[in-house]
Amino acid sequence: TVAAAGVDASRVVFSAVAPKEEHVRRGKLADVCLDTPLCNGHTTGMDVLWAGTPMVTLPEETLASRVAASQLTALGFPQLVAKTARDYEDIACEYGLDHEKLQALKAKVRKARLTSALFNVKQFARDLEELFFKMWNRHANGLPPDHVV
């Protein structure tokens, strides 16, 4: 149980499914999101980060386990991407045990969400359009499909 691990049970909250706006608001209540290594949060990760809550993740072999690492890197927080299970625990404890450090990190996450590529939908659309043009030009010039960047 949580209490056996030395954590005040009132600090751990499980909640039912909620409408999107309430779901995102709940994310602001958390100190830090501990992403699950096997299958990352995906949309939930985006919601948590948009709420300004830091997330710690441990990418593994599958695509489903690496999504949060991509999100955190795009947001500018690669230091929250653990390399090992021990590293994951150390990062979580580092912020969980240091309230000032955690508050500083949360402020940085809140600020970054407004300036990073992760939530810049206009830039994403422009970049995607550019890739579509490159693909079309390859096709129009009789070239075979290939990776475009």
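In the predicted model, the side chain of Ser65 approaches the backbone oxygen of Thr62 at 2.8 Å, a separation that falls within the 3.5 Å limit for a polar contact. Ser65 is located in the loop that joins β2 (55-56) to α3 (67-75). With a relative accessible area of 1%, Ser65 is classed as buried, because the term applies to values under 20%. When residues up to four places away in sequence are set aside, Ser65 touches Pro37, Leu38 and Asn40, as well as Leu58, Pro59 and Glu60.

The phi angle of His42 is near 50°, which is a positive value in a residue other than glycine. Most residues other than glycine have a negative phi. The relative accessibility of His42 is 30%, and this residue is therefore counted as partly exposed, since that class covers values between the 20% limit for buried and the 50% limit for exposed residues.

The largest nonpolar core comprises 23 residues, of which Leu49, Leu72, Leu75, Phe77 and Leu80 touch the most other members. At least two residues of this core are supplied by each of α2, β2, α3, α4 (85-96) and α5 (99-112). In soluble globular proteins, nonpolar side chains tend to be buried together. Beyond its neighbours within four places in sequence, Leu75 is in contact with Leu49, Val109, Ala112, Arg113, Ser116, Leu118 and Phe119. One of these partners, Leu49, is likewise listed among the core residues that touch the most other members.

Technical notes:
Residues are numbered from 1 along each chain as its sequence is written. This is a predicted model: local features need pLDDT of at least 70, side-chain atom pairs count only at pLDDT 80 or more; totals for chains, interfaces and linings use all residues. Side-chain values use heavy atoms; hydrogens and water are left out. Buried means under 20% relative accessible area, exposed over 50%, partly exposed in between (1.4 Å probe, protein chains only). Helices (H or I, at least four residues) and strands (E, at least two) are DSSP runs, numbered from the N terminus. A polar contact is a pair of N or O atoms within 3.5 Å; within protein, one must be able to donate a hydrogen and the other to accept it, and residues adjacent in sequence count only if both atoms are side-chain atoms. Contact means heavy atoms within 4.5 Å. A nonpolar core is a set of buried Ala, Val, Leu, Ile, Met, Phe, Trp, Tyr and Cys residues joined through side-chain atoms within 4.5 Å.
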